[in-house]
Amino acid sequence: MPLPQLTVYRHDLRNRALITLAGEIDLGSAPLVRAALAQCLSDGIRIVDVDLTPVTFCDCSGLNAFLYAAQWTTEAGGILRLHNPPPTLGRILDLTGCGFLLLGLPLGHLPPSLGDAAAPAVPAPPHRTVPLVGVLSGDVR
């Protein structure tokens, strides 16, 4: 089985984290997404912003990972928001109608071209991205 083509970067600022994902999110790499987001909660982070700008592909297994993480974060009293989803994820969010859970938009107010041109999110503080953990770029079993 080939290694997942996904890199996870994390930058913390007090109780907030910016997770930047780069590459493809699919069945093989979705566990990396889950692990990174779960680690935030484990570390006491309660506000998680996920920047998907460098993501080239995301299928329903990625959506599943984000939905679970949003539920865990909400149950812990926090917030998880996705920013700049790729067209594939934008299409899935449109079809499933669950964008309001992950994008912070009211139900029924999703932009019509969500996957075509993502609106800029609230600007994140300037930071230096550092790989989360070298292991997260490897095979998870």
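A crossing of two helices is left-handed if the near helix is turned anticlockwise from the far one by less than a right angle, and right-handed if clockwise. Keep that handy for the exercises. The model here is predicted, so local features need pLDDT of at least 70 and side-chain atom pairs count only at pLDDT 80 or more, while totals for chains, interfaces and linings use all residues. Residues are numbered from 1 along each chain as its sequence is written, and side-chain values use heavy atoms, leaving out hydrogens and water.

**Exercise 1.** Work out how helix α2 passes α3.

Step one: find the helices, which are DSSP runs (H or I, at least four residues) numbered from the N terminus. You want α2 at residues 60–75 and α3 at residues 87–96.

Step two: take their axes, lines fitted to C-alpha atoms over the stretch in contact, with angles from 0 to 180 degrees between N-to-C directions. The axes come within 10 Å and cross at roughly 70 degrees. α2 and α3 are therefore roughly perpendicular (65 to 115 degrees).

Step three: check the hand. α2 passes α3 in a right-handed crossing.

Step four: list who touches, meaning heavy atoms within 4.5 Å. From α2 come C60, L63 and F66, and from α3 come L89, I92, L93 and T96.

**Exercise 2.** Say how exposed Y68 and W72 are.

Step two: read the relative accessible area, where buried is under 20%, exposed over 50% and partly exposed in between (1.4 Å probe, protein chains only). Y68 has 36% and W72 has 30%, so Y68 is partly exposed and W72 is too.

Methods. Helices (H or I, at least four residues) and strands (E, at least two) are DSSP runs, numbered from the N terminus. Angles under 35 degrees count as roughly parallel, over 145 as roughly antiparallel, 65 to 115 as roughly perpendicular and the rest as oblique.
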